Amino acid sequence: MDWEALWLSVKLSAITVIVLIPMAVLTGRALAYGQFRGKSWVEALIMVPLVLPPTVIGYYLLVGLGSQSWLGQLIESLFGQQLVFHFSGLVVASVIVNIPFAVQPIQRAFETIPQDVRDAAACCGMNRWTSLWRIELPMVWPGVLTAVVLCFSHVLGEFGVVLMMGGNIAGETKTISIAIYDSVQAFDFNAAGTMSLVLLLFAITALALTTSFTRRLGGQHGR
Amino acid sequence: MAVDLHCRVNQTLPIPLNADFTCHAGEVLAVVGPSGGGKTTLLRMIAGLGKPTQGEIRSGDTVWFDNNGTCLSPQARHIGYVPQHFGLFPNLTALQNVVSALDHIPLDERVPRALDWLERVNLQGMPDRLPSQLSGGQKQRVALARALAREPSILLLDEPFSAVDRETRERLYLELARLKSQLAVPVIMVTHDLNEALLLADRMILISQGKMLQQGKPHEVLARPRNEAVARQMGLRNLFNAHVVAQDEEQGITWLKMGEILIASDYGGSLDIGSKVRWVIPNQGIRFNAIASGRLCRSFNKLDVIIDSMLVMGETVRLICNVVGIEGQLNTEVPLHLATKLALAEGVRTTVALKSDQIHILEPC
């Protein structure tokens with residue numbers, strides 16, 4: 001069992017969720033309420049990581065953010081560090097790949113808020129931030145929680161993008177999925193089996209808890 | 001200080017809407033019309049939740065919207081708004097819902113004020129209940145308390161009684177009628193139910209397909225619809241064609257002829273002799289007493305009719321009668337006991353009297 005890889009994966013998942021969820025809340029809300037030209041194109045763009053093979057995304061990120069690209073050079077000159085083959089690069093890649101897993105459930109949750117409630121909030125004198133914080137977020141919690149669990153689990157098991165963007169540097173970019181792959185390559189099926197079981201148990205537990213919690217919240221805030 | 005609301009909106013897209021009216025402080029104005037006619041859109045524009053293409057919305061001297069780019073937000077308009085489905089915040093208790101509208105008073109005064117308003121709408125004892133634990137009528141009252149607690153410059157009610165059962169509705173009518181006397185702000189109530197307008201409103205405007213058809217006191221609009229479109233919207237079904245045969249200015253009578261039937265109307269407007277007109281009579285202008293009993297009202301107008309169909313609806317009977325001598329039907333309702341007493345039945349020929357002061361000649365559409 002590669003504890004270092006597990007810890008790195010958990011850290012990557014947590015940071016991705018922390019970075020992604022607030023952005024997903026704002027994006028999901030804007031898409032749920034807004035009617036603007038090109039909305040379906042924006043929605044399609046958000047969904048792209050769902051249908052594109054992770055290795056393809058990884059390839060574009062590697063090329064787009066690598067030291068040969070202008071963006072990669074700009075980032076290196078600004079922060080003194082390149083993103084590829086570095087933990088921060090994994091965070092960027094994980095955030096991009098998980099956008100649909102975060103935005104979709106949150107957008108759907110915002111769409112269930114009746115227009116009457118939003119109108120009433122505005123007429124009660126609440127500005128859009130107060131309304132979001134006091135009224136809407138408590139109503140869309142199940143969606144936010146689903147997004148958190150989906151993103152966390154997905155990042156924990158992410159392989160293609162991580163390998164393309166980060167390679168396999170122990171303590172820096174070697175996540176648990178890469179460690180499982182490494183173990184299998186080295187015919188260490190015991191270690192691979194243990195790590196796979198940990199991921200499997202985590203996935204089942206997380207999804208079961210989310211379903212149960214979401215149901216309870218849904219009942220509590222029944223409209 | 002309570003002030004009047006002036007509203008003039010004019011747009012063709014996304015939906016056509018033209019309206020121009022004033023709602024005075026302390027007055028209940030009903031906006032009546034069929035579904036999809038633009039009533040709720042108009043209310044949302046007044047609330048600042050929608051923006052008209054052109055027009056002016058003004059609360060006293062304060063401009064809320066005009067063509068020069070002024071468009072105050074709903075927050076800045078300081079209104080009380082009760083949406084059709086109440087719009088209660090499901091995660092907040094009844095008390096918290098009311099408190100949420102009290103951002104204009106100091107923090108320590110909010111809870112006592114909210115409790116006071118819940119009491120005023122007869123919801124004492126249930127401040128800690130979530131909306132999901134309240135009945136339809138109770139939700140409606142929380143929404144009303146929340147809107148009123150804000151001490152709004154105007155109260156807007158969107159179909160306030162449509163989502164509650166009949167018994168609750170009757171109770172809420174009484175409560176709103178009671179609250180009405182205590183309110184000194186303009187109240188605009190959107191409804192598709194004409195009876196609600198007749199019961200609660202001081203004035204009404206009739207809107208259909210985005211056009212304001214008529215405004216006035218509800219009973220006046222009912223008795224004197226401007227044209228056929230208004231008459232139909234008001235549920236008046238007795239519309240007939242006739243010719244003007246004479247006008248007696250001294251007695252204020254206009255004589256109409258349908259086939260060989262002569263009809264006298266108290267209509268005082270000037271009409272060309274020989275011109276074709278449409279006239280209407282509301283249900284209360286039709287007297288269904290038997291001539292045999294000698295109790296037919298003293299009226300100029302008698303119509304022979306044959307009862308075509310009868311439909312018993314609780315304590316009343318809806319009758320559709322063919323008028324003898326012309327091609328036309330008379331729709332009316334009589335109390336069940338009267339129908340029984342007069343032995344009214346399908347196929348029976350009888351005479352009805354039309355009260356001349358209830359006969360109204362319509363303007364062409």
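**View 1. B:Ser208 and the residues around it.** B:Ser208 belongs to strand 9 of chain B, residues 203–208 (strands are DSSP runs of E of at least two residues, helices DSSP runs of H or I of at least four, numbered from the N terminus). The model is predicted: local features need pLDDT of at least 70 and side-chain atom pairs count only at pLDDT 80 or more, whereas totals for chains, interfaces and linings use all residues. Residues are numbered from 1 along each chain as its sequence is written, and chains are lettered from A and ligands numbered from 1 in the order in which they are written. B:Ser208 counts as partly exposed because 19 C-beta neighbours lie inside 10 Å (20 or more would be buried, 12 or fewer exposed; C-beta atoms are placed from the backbone). Leaving aside residues up to four places away in sequence, B:Ser208 touches B:Gly33, B:Pro34, B:Gly37, B:Leu213, B:Ala229 and B:Gln233 (contact: C-beta atoms within 7 Å).

**View 2. The two domains of chain B.** Domain 1 covers 5–233 and domain 2 covers 239–361, with bounds from an automatic or database domain assignment. Their centres, taken over C-alpha atoms, are 38 Å apart. Six residues from domain 1 and five residues from domain 2 form the contact. On the domain 1 side, helix 8 (218–223) and helix 9 (228–233) each supply at least two residues.

Key
Contact = placed C-beta atoms within 7 Å.
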